[in-house]
Amino acid sequence: MKVPPAAEQPEIVEAWRDVKEYWYETFRRVLLIRDATGCIILSFDVYSKLDRLPQEYKIVSRLDTGAPVEIIYADVSNLVDGIDDLKPDKVEIAIIHSHGEVGERYEISDVRIVCCSCRDLSYEEVYNIYRVIVERIEQRSPESNALEPPKPVERVYSTRLANSRRRGYS
């Protein structure tokens, strides 16, 4: 599936095998996937830089990449507490931990929710979950403090735009 530039992305993209992409704040994506057992998996793009790995995070697993980077998966079941009609089976965050000569860095990059009791979720219902997650992880409101798309680097943007037009996007 060809993907148009982010600024031209529609709010909902129906992808192959019932995968849906819901786009918020122009360039923030939430994937909605129904697995073979009927459970819904939601994957939210988020970002938060951490000073350290919080002790309250229950580490589920670590993926060592062989480079000075590891991915830490932590159970954060209480992250979505209080969201009506959402009874998740699992809530995890992915934390990128980079370490080396310049020090350590922790960044939250993804929130994943598995919900086997969830019915089909609308764009608005997923947005309500997204809003709560952004408020709790990024400490901001998507309504009152919306992200601004990054300003394109002219040369890169011109090339990307020219390539997308060549492929039939206008």
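Where in the chain is the place of Asp85? In this model, which is a predicted one, Asp85 sits in the loop that runs between strand 6 (69–75) and strand 7 (90–100). I shall begin with this residue and then turn to two others.

The backbone of Asp85 deserves attention. Its phi angle is near 60 degrees, a positive value in a residue that is not glycine.

Which loop holds Gln139? Gln139 belongs to the loop between helix 1 (123–137) and helix 2 (154–166). Phi of Gln139 is likewise positive, near 60 degrees, and Gln139 is a residue other than glycine. With a relative accessibility of 64%, Gln139 counts as exposed.

I now come to Ile137, which is found in helix 1. Is Ile137 buried or exposed? The relative accessible area of Ile137 is 10%. Since buried means under 20%, Ile137 is classed as buried.

What does Ile137 touch, if we leave aside residues up to four places away in sequence? Its contacts are Val46, Ser48, Leu79, Ile93, Ile108 and Val111. One further distance concerns Ser109, which lies 28 residues from Ile137 along the chain. The C-alpha atoms of Ile137 and Ser109 are separated by 10.0 Å.

Ile137, by contrast, is a buried residue of helix 1. Thank you for your attention.

Terms used
Residues numbered from 1 in each chain as written. Predicted model: local features only at pLDDT ≥ 70, side-chain atom pairs only at ≥ 80, totals over all residues. Heavy atoms only, no water. Helix = DSSP H or I, 4+ residues; strand = E, 2+ residues; numbered from the N terminus. Buried < 20%, exposed > 50% of the residue type's maximum accessible area, 1.4 Å probe, protein only. Contact = heavy atoms within 4.5 Å.
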